Amino acid sequence: MSEYLDALETRNPHSREQALMTRLPQLVAQAQSAAGWASILQGVSAADIRSRSALAQLPVTRKSDLHGLQRQQRPFGGLNSTAPQQLKRIFMSPGPIFDPEGRGQDWWRFARPMYAAGLRSGHLVQNCFSYHFTPAAYMVEGGAAKLGCVIIPAGAGQTEMQVQAIAELRPDAYIGTPSFLKIIIEKALELGADISSLQRAVVGAEALPPSLRTWLQQHGVPLVLQMYASADIGNIAYETASSGQLNPGMVLDEDLIIEIVRPGTGDLVAEGEVGEVVISSFNLDYPLLRFGTGDMSAILPGISPCGRSNTRIKGWMGRADQTTKVKGMFVHPSQVAEVIKRHPEISKARLVVTGEMANDAMTLQCEIRDEKPGETLTAAIVASIREITKLRGEVAFVATGSLANDGKVIDDVRKYE
């Protein structure tokens, strides 16, 4: 049996790129059939959007925009091209934010991460994502149905029953949050229950620190792989293993285009630099174009050792929305980006906020292309900070390469004790 779900996973990267760009105008046209996207993409010719450079000219619509859009037009802000009455399910996340599920097979594209974890037809899966309002459990259900796996719809909570189900039914895999798997294992140890049938776990919805992965492996689950998904997009990327060893990074799903942009902007960063994950999704029910997830990551060069040839990302690296409040005024990453744009001498910068309560201070740390910045440049940047943020700020020039590659545009280091 193949270790790949289909031939798409190992195709030539150039062929994949050509196929995605060929499909891109259709995605734009499908989006423009929805009232919300028609407004966002007003004046855009779908036939002209057939390259990454053309795509990069479109506006970024961020997850943080959804609440406002959906208040204007229920339930999906006019971003859906399939009518709500024709969907399979409608979910509600805190906010509230509403998300659709269409009627297509494996609509959330979860078969790939499950297959990569070794799940096959006939395998029994304990699904411990919540079935209440949010879609994660149904994402797993869709992937399992495509693969032919059997599901125990365990949901979250009721730890003793979880242990009993594993001990009695002997599932092959756990899918859910890593922290809840730890709770289940601890309860099994307390009860003296045998849950050794769990030889693999696919985890998500929260961070998986290396220490927790190691703990889970040491306590009887040798293969623990992360997936990265969202309620808007479904599966985005997933970890793989070769000969039981974890491969670096996470492999992008085949039906997505990924861009990494500077937080607060739509501007692409250099390959390898940390920025916000922006996704275009070929979903005909809920097409998404340059959708800013609010999550930070970076592109990894090369192809995964597992043989899957799609783009890899480093995984989840924090949140992109670094908005903070200084002296009662909000300061946004987009404002920092505007300062940088005004001064081409700046190659990279971050705004560091320091001080104590009611005594805040801002300093824009700048890497510049000119080795010897003059007082004129300093004064000009200070003036731009004041004009754009309406707050006083200082400038500090730092050595090229000294600012960390962590995607931070605003670094709030204040401590209130």
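## Basis

This is a predicted model, in which local features need pLDDT of at least 70, side-chain atom pairs count only at pLDDT 80 or more, and totals for chains, interfaces and linings use all residues. Residues are numbered from 1 along each chain as its sequence is written, and side-chain values use heavy atoms, with hydrogens and water left out.

## Annotated domain

UniProt lists residues 138–281 as "domain: AMP-dependent synthetase/ligase", in an unreviewed entry. UniProt positions are given in the numbering used here, feature names are shortened, and annotations may be inferred rather than shown by experiment. Residues 138–281 are 31% helix and 31% strand. The C-alpha atoms at the ends of this stretch are 19 Å apart. Helices (H or I, at least four residues) and strands (E, at least two) are DSSP runs, numbered from the N terminus.

## Rings and charges

Rings of Phe, Tyr and Trp (its six-membered ring) pair if their centres lie within 6.5 Å; planes under 30 degrees apart count as stacked, over 60 as edge-to-face and the rest as tilted. The count by this rule is five aromatic pairs. Tyrosine 131 and tyrosine 138 make an edge-to-face pair, with 5.3 Å centre to centre and 80° between the planes. Ring pairs join Phe91, Trp107, Trp108, Tyr131 and Tyr138 into a cluster.

Buried means under 20% relative accessible area, exposed over 50%, and partly exposed in between (1.4 Å probe, protein chains only). Tyrosine 138 is buried at 18%. Tyrosine 131 is partly exposed at 24%.

A charge sits over a ring if NZ of Lys or CZ of Arg is within 6 Å of the ring centre and within 35 degrees of the ring normal. Arginine 23 lies over the face of phenylalanine 282, 4.2 Å from the ring centre. The charged end of lysine 182 sits over the ring of tryptophan 215, at 4.8 Å from its centre.

Helix H8 (residues 178–191) packs against helix H9 (residues 210–218) at about 35°, with the axes 11 Å apart. Axes are lines fitted to C-alpha atoms, for helices over the stretch in contact, and angles run from 0 to 180 degrees between N-to-C directions.

Helix H10 (residues 333–342) and helix H11 (residues 375–389) have axes that come within 10 Å and cross at roughly 145°. The contact includes Gln335 and Arg342 of H10, and Ile381 and Thr389 of H11.

## A buried valine

Valine 28 is in helix H1 (residues 13–32). Its relative accessible area is 0%, so valine 28 is buried. Leaving out residues up to four places away in sequence, valine 28 touches Leu41, Val44, Ala46, Ile49 and Leu289.

Most residues other than glycine have a negative phi, and most peptide bonds are trans. The bond from arginine 74 to proline 75 is cis, with omega near -5°. Proline 75 lies in the loop between helix H4 (66–72) and strand S2 (89–93).

Phenylalanine 133 has a positive phi, near 75°. Phenylalanine 133 is in the loop between strand S4 (124–127) and helix H6 (136–147), and is partly exposed at 47%. Arginine 290 has a positive phi of about 50°. Arginine 290 is in strand S15 (residues 288–297), and is buried at 1%.

Notes: Contact = heavy atoms within 4.5 Å.
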